[in-house]
Amino acid sequence: MTNQAIEDLKTYVGGLQDLGHVMGLLSWDMETQMPPAAADSRGKQMGILSELHHQRATADTLKHLLETAEATGSNAPVDKALLREVRRHYDHATKLPQAFVSELTEVTAKAHHVWVEARQKQDFSLFEPLLTKIVAMNRQQADYLGWEGSPLNALMDLFEPGLTVDEVDRLFNQLRAPLVQLVQAIGNSPHHATWPFDNERFAEAQQKELTVKVLETMGFDFKRGRLDKAPHPFCTNFSINDVRLTSRYHEEDPFSALLTAMHEGGHGLVEQQADMALERTPLPGATLGIHESQSRLYENILGRSLAFWTYLTPAIKAMYPECAAMQRLEAQDIFRLVNRVKPSFIRVESDEVTYNLHIMLRYELEKALIENQLQVADLPAAWNEKMQAYLGITPPNDSQGVLQDVHWSGGMIGYFPTYTLGNLYSAQFWHTANQDNPTLNSDIEQGKLAVLTQWLRDKIHRHGQVDLPAGIVQRVTGQALNAHYFLDYLWDKYTPLYQLSETPSYKTTVS
Ligand code: ZN
């Protein structure tokens with residue numbers, strides 16, 4: 001029996017989804033195809049569409065349809081999730097006064113330009129007044145949305161529903177000391193791999209051919225998706241049956257484009273493998289954290305594993321028969337090359353060991369700013385102090401420090417933790433995947449990557465956002481999120497790679 005009120009709501013929400021996807025398609029086109037001279041006209045086209053979208057998303061018609069559907073008290077999991085998500089979006093869209101939204105749009109548009117200039121001139125003081133305004137407006141936004149405990153809870157909820165400061169603090173407190181210890185231990189190790197290529201060039205065409213082969217082996221369906229080039233790689237989709245990946249190629253590095261595409265392919269599979277019954281609802285896909293767990297699982301846990309390179313090394317050597325340096329490499333050598341660890345100033349260039357310390361630093365500063373414990377003027381010094389404490393290096397200027405990320409200029413505070421959550425989820429899912437598939441490692445060595453993809457489809461992707469992240473982790477792994485899975489993954493991998501003799505601190509302290 002179908003419930004008419006739910007069906008009516010679905011029809012309306014389906015139209016909203018369509019509108020959002022048309023805007024997504026225009027954005028994809030801007031990043032991959034559009035000639036630069038079209039920027040102005042495209043801006044106007046996007047403007048009118050986003051106005052239409054906002055009208056529909058805040059209309060009384062939607063309010064009425066939603067309240068009627070809620071009154072049915074339907075207990076079907078998909079209905080409940082649909083009502084939950086539509087309610088969340090409606091509340092977010094209607095709780096903020098229109099004047100506030102317009103002002104925030106204006107301030108962040110200006111802040112972006114000023115941030116670009118400040119970064120160029122390595123001068124934080126140019127950006128400081130606007131960042132001060134953005135922090136104040138974010139606090140105001142938290143008040144409009146309503147919060148308990150910390151105003152940061154309301155802001156993080158926009159990016160990862162249900163995430164709280166208490167939960168992030170609990171996880172980051174587990175992570176901090178063992179990560180700092182691991183970074184130091186690796187730094188002290190004499191066993192660092194040296195880059196074997198000098199002037200060799202790896203042509204884009206060959207890199208792309210290998211990338212497509214790996215994506216197909218992963219189970220990415222090119223009849224329902226594409227791979228294109230973009231300067232800042234991303235994944236987007238306009239339907240469960242239309243998923244677009246992008247990657248970029250560095251001709252001096254034969255591995256980075258592949259790993260980037262595996263990352264985006266992980267995002268793509270989340271979308272492609274959703275149940276078709278969820279099409280045209282807000283339910284396919286995943287929250288930012290769960291999404292990132294899948295991309296990082298493919299990029300790091302799979303793409304940087306010895307098992308994967310045992311499978312792929314013959315293929316990559318066959319791709320470059322003329323390259324003597326490549327011909328000398330064995331799986332173990334490539335495994336070492338793609339897992340080089342070195343503290344760096346820039347988050348997006350960092351490896352999987354140091355990465356989370358970059359995130360922790362940002363989260364701690366955001367929390368202090370939003371809770372009024374830190375003034376924006378003191379931010380650069382606080383940043384540099386934490387860089388020294390966590391990674392043992394101090395940025396030579398603000399461009400390589402506090403000014404490096406675009407997020408704050410865009411008004412996004414509370415976003416960063418979702419990246420580390422992704423890493424934590426991925427290691428815990430990986431642990432369960434191996435328990436459920438005891439031959440997974442040898443399957444991967446033989447190139448049977450679809451074994452992993454099918455498991456992820458059944459356990460995670462097909463259900464989309466029917467459950468919230470905490471519910472997904474509990475359902476799939478049988479317990480709440482625990483940072484020890486990620487720590488075990490890192491220490492077990494890097495101890496032999498760098499021939500470490502240290503015992504991780506979290507294994508000797510009683511907790
Ligand atoms: Zn990602």
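A: Of the 135 residues in the largest nonpolar core, the ones that touch the most other members are F255, F308 and W309. A nonpolar core is here a set of buried Ala, Val, Leu, Ile, Met, Phe, Trp, Tyr and Cys residues joined through side-chain atoms within 4.5 Å, and buried means under 20% relative accessible area, with exposed over 50% and partly exposed in between (1.4 Å probe, protein chains only). The model is a predicted one, in which local features need pLDDT of at least 70 and side-chain atom pairs count only at pLDDT 80 or more, while totals for chains, interfaces and linings use all residues. Residues are numbered from 1 along each chain as its sequence is written, and side-chain values use heavy atoms, with hydrogens and water left out.

The element that gives the most to this core is helix α8 (residues 165-188), with 11 residues; helices (H or I, at least four residues) and strands (E, at least two) are DSSP runs, numbered from the N terminus. Because domain 1 (4-150) and domain 2 (166-508) both contribute residues, the core lies between them, the domain bounds being taken from an automatic or database domain assignment. The C-alpha centres of these two domains lie 27 Å apart, and 39 residues of domain 1 are in contact with 42 residues of domain 2, where contact means heavy atoms within 4.5 Å.

Returning to F308, and leaving aside its neighbours within four places in sequence, this residue is in contact with V214, L258, M262, L302, G303, I444 and L449. W309 is also among the residues touched by R304, which, not counting residues up to four places away in sequence, contacts L259, E299, F335, V338, N339 and K493 as well. R304 is found in the loop between α11 and α12 (306-319), and its relative accessible area of 17% means that it is buried. Between R304 and F335 there are 6.4 Å in space, C-alpha to C-alpha, although they are 31 residues apart in sequence.

A second, separate core of 20 residues includes V13, L65, A69 and L283. Two of these, L65 and A69, are buried in α3 together with L62 and L66. Seen down the axis of α3, its buried residues fall within an arc of 100 degrees (the arc of the directions from the helix axis to the C-beta atoms), so they line one face of the helix. The face of α3 turned away from that buried side carries the exposed residues D60, H64 and A71. What covers the buried residues of α3 includes α1 (4-32), α2 (39-58) and α4 (77-95). In α4, the buried residues are D79, A81, L82, L83, E85, V86, R88 and Y90, and they pack against α1, α2, α3 and α7 (151-159).

Finally, the zinc ion is coordinated at 2.1 to 2.4 Å by H263 (NE2), H267 (NE2) and E292 (OE); donors are N, O and S atoms within 2.8 Å of the metal (3.2 Å for Na, K and Ca), and water is not among the atoms, so sites may look incomplete. H263 lies in helix α10 (residues 256-272) and E292 in helix α11 (residues 288-302), so the pair ties together parts that are 29 residues apart in sequence. H263 counts as buried because its relative accessibility is 11%, and E292 is likewise buried, with a relative accessible area of 9%.
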